Amino acid sequence: MLLLLVPAAGAVAPRTTLNDVEDEVMCPTCGTPLNLATDAPLANDERALIRRLIAQGYTKDQIKHRLVQEFGPNVLALPKAKGFDLVAYLVPIVLAAAGLLAIAALALRWRRRRPAEPAAVPDLDPADAQRLDSDLARFER
């Protein structure tokens, strides 16, 4: 039983890569995700810092924390999930829920609607009824 626990204790967390971090941080100069940023000097400095931190064994969260220290909180592509920034996460959820409720309400209303009563067929004039009967008799032969 002890042999089964030894490999788990020695397991190492997977290392992060530049590509893994680049799409979650922004270029401070152009305000685009770092993976889409041009060769701005500050973007290149940020990439170099990320590479150095990866080489030192930092995790993705540690790298992002260091980037915030270096470049400020606007370097993160996603806002923090607290305070006013929480609105960025809640508004889409509330809008999606409201849309689903509206669709459900419209579907229930549509299903409960009574079918229209068939239009009353007026009685035929006796002359028209006789002509209809004669026409139908002619086609039955």
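Colleague: Does F84 count as buried or exposed, and at what relative accessibility?

Modeller: This is a predicted model. F84 counts as exposed because its relative accessibility is 71%, and the cut-off for exposed is over 50%. The residue sits in the loop between α4 (60–71) and α5 (87–112).

Colleague: How many helices and strands does the chain have?

Modeller: There are 6 helices and 0 strands. Along the sequence the pattern reads α-α-α-α-α-α. Of the chain's 141 residues, 15% count as buried.

Colleague: Which residues of the largest nonpolar core touch the most other members?

Modeller: That core has 15 residues, and those with the most contacts to other members are V21, V25, L34, A43, I50, I63 and L67. At least two core residues come from each of α2 (18–22), α3 (41–55) and α4. The largest contribution is that of α3, with 5 residues.

Colleague: Now the charged side chains. How many salt bridges does a search of the whole structure find?

Modeller: The general idea is that side chains of opposite charge can pair when their charged atoms come close. In this structure the search gives 6 salt bridges. One of them joins R47 to E22, with 2.9 Å between the closest N and O atoms. R47 belongs to helix α3 and E22 to helix α2, so this pair ties together parts 25 residues apart in sequence. Both partners are buried.

Colleague: What does the salt bridge between E24 and K60 tie together?

Modeller: The N to O distance for E24 and K60 is 2.9 Å. E24 lies in the loop between α2 and α3, and K60 in helix α4, so the bridge ties together parts that are 36 residues apart in sequence. E24 is partly exposed because its relative accessible area is 24%, a value between the limits of 20% and 50%. K60 is also partly exposed, at 21%.

Colleague: How many aromatic pairs does the structure hold?

Modeller: In general, a pair of aromatic rings is described by the distance of the centres and the angle of the planes. Here the count is 0.

Colleague: Which residue lies over the face of F139?

Modeller: R138 does, at 5.6 Å from the ring centre.

Note on methods
Residues numbered from 1 in each chain as written. Predicted model: local features only at pLDDT ≥ 70, side-chain atom pairs only at ≥ 80, totals over all residues. Heavy atoms only, no water. Phe/Tyr/Trp six-rings, centres within 6.5 Å; stacked < 30°, edge-to-face > 60°. Lys NZ or Arg CZ within 6 Å of the ring centre and 35° of its normal. Helix = DSSP H or I, 4+ residues; strand = E, 2+ residues; numbered from the N terminus. Buried < 20%, exposed > 50% of the residue type's maximum accessible area, 1.4 Å probe, protein only. Core = buried A, V, L, I, M, F, W, Y, C linked by side-chain atoms within 4.5 Å. Salt bridge = Lys/Arg side-chain N within 4 Å of Asp/Glu carboxyl O.
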